[in-house]
Amino acid sequence: MNISIVIPLLNEEESLNELYRWIASVMQSNGFLYELIFIDDGSIDDSWKIIEKLSENNQNVKGIRFQKNYGKSQALHAGFAMAKGEVIITMDADLQDNPEEIPELYKMITEEGFDLVSGWKKKRYDSVLSKNMPSKLFNYAARKTSGVKLHDFNCGLKAYKNEVVKSIEVTGEMHRYIPVLAKNAGFSKISEKTVLHQARKYGTTKFGAERFIRGFLDLITIWFLSRFGKRPMHLFGAWGAVMLFIGFCFALFLGIDKLFINPSARLITDRPEFFIALTAMILGSQLFLAGFLGELILRSKKDSQNYIIKERI
């Protein structure tokens, strides 16, 4: 199979039929063997009924229905697990991503040897203040923090080698940082392609301004996990050693001063250096304990699926 197209959605009944016809036309005109996987992330409209009907009419259409709304990352995780194509394409269901871009994305993966190609919506039709400006700030911070040189981390239109999506775990709200997860997994051939962004035709956006706040928090999380996720003692142990060293130096100074330099001086417990030494040693011990606990949790962690699938097609 050439292509698996993974589409997470929430309450997109108005756009599904048009999106399906558009994708099917592109696939047929290019002679691709494909599967189209819709992941219904807890829709309360008729989205799932439409997916069922599409599947009845075309065996290439498959569906996963969540018990409730779990989020885009969980939807992509389920879709990646189901996908069998040589190249995996992800796109949104709101018709703002153009299926005509798929053949070129496929070619960049199969012929140019990229592991991952991310879309770049260079010209956007969203609100400047509520989306464009915050998105540019967010993408700048993501580039500087992760080292992945992409202009648009939020673009839903991306292409992956099959082994990339099978090697990463998309949880929480980490769907924005799949390129970073791929890089951390050893897939370094990451590129981007300028893609056409279309104005929303039906409905309203499912993402508010709070997604940027969550995005920045997730960015800090993924920075920590990429550097210390497999070795938490390297961070906590290093800072613990620094604090213990500081505490030991102050305690040594107090001891030498009291025993040999100023025996008649005020009590050690009346001096501020004593509390600095005590605080530093306590903090150092706590940081070491945090590192040990992190290592124990890491070694005892079991893989778990944090969503419930209600139906499959």
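Predicted model: local features only at pLDDT ≥ 70, side-chain atom pairs only at ≥ 80, totals over all residues.

User: Why is α1 called roughly parallel to α2?

Analyst: Helix α1 (residues 13-30) and helix α2 (residues 47-57) pack at an angle of about 20°. Angles under 35 degrees count as roughly parallel, so α1 is roughly parallel to α2. Their axes lie 8 Å apart, and the crossing of α1 past α2 is right-handed.

User: Which residues meet where α1 packs on α2?

Analyst: From α1 come E13, L16, N17 and Y20, and they meet S47, I50, I51 and L54 of α2. Sorted by kind, the residues of this contact are five nonpolar, two polar and one charged.

User: What makes β7 and β8 the edge strands of the sheet?

Analyst: The open sheet has eight strands in the order β7-β5-β6-β4-β1-β2-β3-β8, and its pairing is mixed. Both β7 (190-194) and β8 (309-312) pair on one side only, which makes them the edge strands. From one strand to the next, the twist averages 20°.

User: How do you know that β1 and β4 are paired?

Analyst: Two strands pair if there are at least two bridges between them. Strand β1 (residues 3-9) and strand β4 (residues 87-90) run parallel and are joined by four bridges, so they meet that cut-off. In this pair, V6 stands opposite T90 in β4.

User: Where does helix α3 lie?

Analyst: Helix α3 (residues 72-82) lies across several strands, including β1, β3 and β4, and runs at about 140° to β3.

Definitions and conventions. Residues numbered from 1 in each chain as written. Heavy atoms only, no water. Axes fitted to C-alpha atoms, helices over the stretch in contact; angles between N-to-C directions. Helix = DSSP H or I, 4+ residues; strand = E, 2+ residues; numbered from the N terminus. Parallel < 35°, antiparallel > 145°, perpendicular 65-115°, else oblique. Left-handed = near helix turned anticlockwise from the far one by under 90°. Contact = heavy atoms within 4.5 Å. Nonpolar A, V, L, I, M, F, W, Y, C, P; charged D, E, K, R; others polar.
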